[in-house]
Amino acid sequence: MTRFIGSEIYRAAPFGAHHPLAIPRVSTVMDLCRSLGWFAQGHYVPSPRARPAALAAFHTPDYIAALLEAEASGTVSDDVRARHGLGTLSNPVHGLMYRRPATSAGGALLAAEMVAQGGIVQVPGAGTHHAMADRAGGFCYLNDPVLAILHLRRLGLKRVAYVDIDAHHCDGVEAGLAGAEGVMLLSVHEDKRWPFTGALTDDGGGNCLNLPVPRGFNDSEMAHVREALILPALEAFRPDAVVLQCGADAVEEDPLSRLSLSNNAHVAVLRAVRSMTDRLIVTGGGGYNPWSVARCWTRLWTEIAGHELPDRLPPEAVALMEGLHWPRRAAGRNPPRVWFETLADPARPGPLREAVTGGVALLRNRLPDLRAWPG
């Protein structure tokens, strides 16, 4: 079973013009896949909206109530802003601030129910890994990866692995699931980048593998991490299901990181992780260049659904990509034609540096502990 969970709610632009998320992302992926004829009968599934009771599996009732009230009233008090992180520059008040993340959470929960029976589901609107149980953060209002993992466990899957290759550390997921029975968390993220968590020595009580990587992290280094850490960790942990967060902000053209991956690296990680499990949820996450996000997440669906990757996009898809805009960014004023006409990035190999190999070697020493982790 392969499914793509999306929603028309992602066509709305509720964030202010200066917000990094004031760009189309999931809607472009949906439109690209349709223009390419890549949604066969039953492949595309509209996302439900999670109800407050479902969100309460992780989020506190006070926080859910504050989120609902802020959306309804269009404002927050100083106390709510200080207590719950709502109404900030990163997490502003807007007319969809509950419904939109609740839709992402609903998609993640539906994906968990689907893959519990076997299969792979892509939910590009999910992957909001910074939200805490009672606080928004990092553009994330709800933490759908945590909700999906907890739901998989409720559905009877004893061991669930979470692999995160977003440029930013998954602080909300770790805060929610560090030390949790039957859960492994592995994050590859840029060192010395917000939220400044996920140190190499941070083991989260035993079930967390954190690999901060240096600026310029390249395809060769990700290949090493994939083969020497991600796959051995999954082999050691023996998960019944995997949630793979594929934030596109680790791609070189993204403005909010300084990593140098091509989207080929994301596809290679997906392919490798898929070989280790017959139950896989693939989410989105970060990504703030509208072209690189669309190309990366559409490529993931190409891999998931088994479509042949075209050398050049057909005219309808090219026109769609030409219609994207990236205001207030120099790269958006004269984007290269390759962003309009292709999905695959050129390979971005590079040196294999000690900062990467040393970190991988240190974390590999902890793999025997994962074999014995309770679940």
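## Second largest pocket

The second largest pocket is lined by 13 residues, and those nearest its centre are His18, His19, Pro20, Pro327 and Arg329. A pocket here is an open set of points on a 1 Å grid over the protein atoms alone, with protein on both sides within 12 Å along at least five of seven lines; lining residues have an atom within 4 Å of a point. The volume of the second largest pocket is about 190 Å³, a volume being the space filled by probe spheres set on the points, which are joined across faces, edges and corners. Its lining has nine nonpolar, two polar and two charged residues. Ala, Val, Leu, Ile, Met, Phe, Trp, Tyr, Cys and Pro count as nonpolar, Asp, Glu, Lys and Arg as charged, and the others, Gly among them, as polar.

The model is predicted: local features need pLDDT of at least 70, side-chain atom pairs count only at pLDDT 80 or more, and totals for chains, interfaces and linings use all residues. Residues are numbered from 1 along each chain as its sequence is written, and side-chain values use heavy atoms, with hydrogens and water left out.

## Largest pocket

The largest pocket has a volume of about 560 Å³. It is lined by 35 residues, of which Leu21, Gly138, Phe139, Cys140 and Tyr288 are the closest to its centre. By class, the lining of the largest pocket holds 13 nonpolar, 16 polar and six charged residues. Helix H5 (residues 99–115) contributes the most to this lining, with three residues. Helices (H or I, at least four residues) and strands (E, at least two) are DSSP runs, numbered from the N terminus.

Phe139 is in the loop between strand E3 (119–123) and H6. Its phi is near 75 degrees, a positive value in a residue other than glycine. Phe139 counts as buried because its relative accessibility is 18%; buried means under 20% relative accessible area, exposed over 50%, and partly exposed in between (1.4 Å probe, protein chains only).

## Sheet

Eight strands form an open sheet with parallel pairing, in the order E2-E1-E3-E8-E7-E4-E5-E6. Strand E2 (44–46) and strand E6 (208–213) are the edge strands, each pairing on one side only. Two strands pair if DSSP finds at least two bridges between them. From one strand to the next, the twist averages 15 degrees.

Strand E7 (residues 241–245) and strand E8 (residues 279–283) are joined by four bridges, and Gln245 has Thr283 in E8 as its bridge partner. Helix H6 (residues 144–154) packs on the sheet and touches strand E4 (160–164), strand E5 (183–190), E7 and E8, with its direction at about 160 degrees to that of E4. Contact means heavy atoms within 4.5 Å; axes are lines fitted to C-alpha atoms, for helices over the stretch in contact, and angles run from 0 to 180 degrees between N-to-C directions.

## Strand E4

Five of the five residues of E4 are buried, so the strand is largely enclosed by the rest of the structure. Val160, Tyr162 and Asp164 lie on one side, with Ala161 and Val163 on the other. Five bridges join E4 to E5 in parallel, and Tyr162 stands opposite Leu185 in E5.

## Backbone exceptions

Most residues other than glycine have a negative phi, and most peptide bonds are trans. Arg238, in the loop between helix H8 (219–237) and E7, has a positive phi near 55 degrees. Arg238 counts as partly exposed, because its relative accessibility is 45%.

Trp194 and Pro195 are joined by a cis peptide bond with omega of about 10 degrees. Pro195 lies in the loop between E5 and E6.

Note on methods: 1 Å grid on protein atoms, 1.4 Å probe; cavity = no way out; pocket = protein on both sides within 12 Å on 5 of 7 lines; lining within 4 Å.
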